[in-house]
Amino acid sequence: MHSKTIRFIRRGELVALGNVPPDRTLLEVLREDLGATGTKEGCGEGDCGACTVVVAEEDGGRLRWRALNSCVQLAHAVDGRALWTVEDLAAGDGALHPAQEAMVECHGSQCGFCTPGFVMSLFGMYQNHVCRGRAITRELAQEELSGNLCRCTGYRPILDAAQRMGELPRVDVDDAALISSLQQIRHSVSAGMKTEESYLAPESLGELLAARAAHTQAQVVAGCTDAGLWITKQHQRFGQVLDVTRARELRRVEDYENHIAIGAAVTLSDAFDALVAQRPQLKTFANRFAGLPVRNAGTLGGNVANGSPIGDTMPLLIALNAQLVLMKQGGHRHLPLEAFYTGYRRNVLAPDELVAWILVPKPRSGEFLRAYKISKRFDDDISAVCLAVRMELREGRVADIGIGAGGVAATPVRTMRTEALLAGREWTADAAREAAQALRDEFQPISDMRASAAYRSTVLGNLVQRFWLETQGATSINLEQFSLREIAA
Ligand SMILES: Cc1cc2nc3c(=O)[nH]c(=O)nc-3n(C[C@H](O)[C@H](O)[C@H](O)COP(=O)(O)OP(=O)(O)OC[C@H]3O[C@@H](n4cnc5c(N)ncnc54)[C@H](O)[C@@H]3O)c2cc1C
Ligand code: FES
Ligand code: FES
């Protein structure tokens with residue numbers, strides 16, 4: 001099968017790589033083919049951030065900058081884009097970039113293994129915030145560095161560096177020149193597309209659905225934050241890959257009177273931005289989904305399609321009564337999100353079908369919504385239990401209720417029995433206690449490395465109690481209400 005030449009911009013120059021297998025990771029290409037060993041491999045599964053690189057793409061005449069984990073990105077995903085590694089930041093005369101200089105000044109490195117990844121996350125922040133005239137607050141630095149782990153320096157000096165780099169003399173990328181180079185290679189990339197290629201990345205929905213119908217055996221990928229691990233950890237090989245993320249229609253969030261439609265290829269970062277714009281209380285929940293590089297690559301469609309029982313967006317989307325739009329050539333169908341799943345990581349998708357849109361109703365008056373994630377670490381961790389509750393109260397009664405749960409069954413689930421118990425009832429402490437017990441009785445979770453069955457069951461009911469307290473105005477029951485500084489004061 002033909003392997004398309006990958007073209008991207010690095011250090012202002014065009015790099016063209018032929019015969020790259022469709023399942024070769026970007027990290028493998030960097031370290032093994034290009035000798036760019038400054039980019040490190042720590043975990044090989046998107047967790048530690050040592051392999052972080054920054055990718056820029058042209059989007060509607062502007063540059064969009066994203067820090068990504070190169071260990072789980074496929075090399076073909078940088079086709080038509082610009083790539084920065086830690087080796088590409090210093091000026092020709094050796095002068096360090098502010099992201100590097102600040103790390104030196106603030107003593108942000110000891111053994112140095114994590115440092116290239118931190119520097120690249122800092123560079124991503126520099127481009128997205130400092131170069132756009134926005135200051136980097138401590139909170140922002142914490143949020144955006146949550147995908148980088150350091151085991152010896154400690155985070156305080158690195159957070160200092162994040163704030164310090166904006167005070168150093170500015171270093172700008174020539175946006176206009178880069179956009180022009182990207183437009184040129186994009187033209188040559190599109191012109192060269194053939195249907196027998198081993199890495200298919202159609203740029204329109206029509207072409208994508210046609211490719212899906214013609215290549216039902218191809219491995220569908222989006223941001224590769226799940227699928228990339230099947231290569232690096234399970235040593236699976238993909239002979240042909242169908243990348244959904246270039247289809248322009250699926251990269252959009254559309255606003256309608258009563259709902260928003262999120263394209264399946266919208267990144268988790270952008271999808272959460274859209275959800276938080278509607279419901280600001282989801283901000284902490286959104287920031288606790290993996291770390292920024294994973295959210296920058298992973299898509300909402302990928303989270304839903306992957307169907308992990310401990311996936312985070314599905315309980316929320318179920319509670320919000322979200323609908324999926326599945327599409328194939330010449331047809332589409334709508335279904336409630338919970339009806340998509342037929343068993344552990346199984347779903348109703350036909351071989352020629354794709355997830356195209358996720359339709360999320362807008363909030364109505366009287367809505368009270370909370371989404372809770374219980375995990376061993378606060379940041380960058382997978383849920384043991386996830387519970388989302390949406391309640392509409394009218395005159396003290398439950399006028400409408402949606403509850404989605406994760407980590408308690410083989411699929412993400414709607415808690416039908418507990419919803420039925422609450423529908424139409426007066427919302428009182430007794431009702432909350434009964435609902436907590438009903439929820440515990442409704443599922444028989446399993447024990448695994450994340451939590452025991454008993455813990456999951458107990459915490460599920462406790463979260464209903466927490467929801468009750470929050471509906472009564474209690475605020476000091478969430479971690480996000482506390483900050484280390486306040487406690488120390
Ligand atoms: C370090 C790390 C931390 C993580 N933390 C979290 C977390 O906190 N919470 C959480 O829920 N998940 C987490 N994940 C899992 C992962 O990031 C999400 O599931 C992500 O949304 C997957 O999206 P993707 O675009 O990367 O999908 P991919 O990995 O590209 O694909 C996943 C699956 O979905 C299929 N697929 C993708 N798009 C479509 C489509 N449009 N139509 C049909 N099938 C499709 C693919 O064929 C594949 O089977 C984490 C992953 C990593 C590596
Ligand atoms: S090597 Fe750890 S995130 Fe890539
Ligand atoms: S400096 Fe050693 S792991 Fe961060």
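Some conventions come before the details. Because the model is predicted, local features are given only at pLDDT of at least 70 and side-chain atom pairs only at pLDDT 80 or more, while totals for chains, interfaces and linings use all residues. Residues are numbered from 1 along each chain as its sequence is written, chains are lettered from A and ligands numbered from 1 in the order in which they are written, and side-chain values use heavy atoms, with hydrogens and water left out.

Let me begin with the ligand. There are 33 residues around ligand 1, and those that come nearest are Val220, Ala222, Thr225, Asp226 and Thr299, where a residue is counted if one of its heavy atoms lies within 4 Å of the molecule. By class, this shell has 17 nonpolar, 10 polar and 6 charged residues; here Ala, Val, Leu, Ile, Met, Phe, Trp, Tyr, Cys and Pro count as nonpolar, Asp, Glu, Lys and Arg as charged, and the others, Gly among them, as polar. Strand S7, helix H8 (227-232), helix H12 (300-306) and strand S15 each supply at least two residues of the shell, and H12 gives the largest share, with 4 residues. Helices (H or I, at least four residues) and strands (E, at least two) are DSSP runs, numbered from the N terminus.

Which atoms lie 2.5 Å apart between Asp226 and ligand 1? They are a polar side-chain atom of Asp226 and an oxygen atom of the ligand. Taken alone, ligand 1 exposes 980 Å², and the protein buries 93% of that, with areas from the Shrake-Rupley method and a 1.4 Å probe.

Turning to helix H7 (residues 205-214), the buried residues are Leu205, Leu208, Leu209, Ala211 and Arg212. They lie on the same side of H7, because they cover an arc of only 160 degrees around the axis, taken from the directions from the helix axis to the C-beta atoms. Their cover includes strands S7 (219-221), S8 (241-243), S11 (323-328) and S15 (354-361).

Finally, two arginines. Arg10, in strand S1, is buried at 11% relative accessibility, and its side chain is joined to that of Asp88 by a polar contact of 2.9 Å. Arg456, in helix H16 (residues 453-471), is buried with a relative accessible area of 1%, and its side chain reaches the backbone oxygen of Ala451 at 3.2 Å. Arg456 and Gly407 are 49 residues apart in sequence, yet 7.6 Å apart in space, C-alpha to C-alpha.

Technical notes:
Buried < 20%, exposed > 50% of the residue type's maximum accessible area, 1.4 Å probe, protein only. Contact = heavy atoms within 4.5 Å. Polar contact = N/O pair within 3.5 Å; in protein donor to acceptor, adjacent residues only side chain to side chain.
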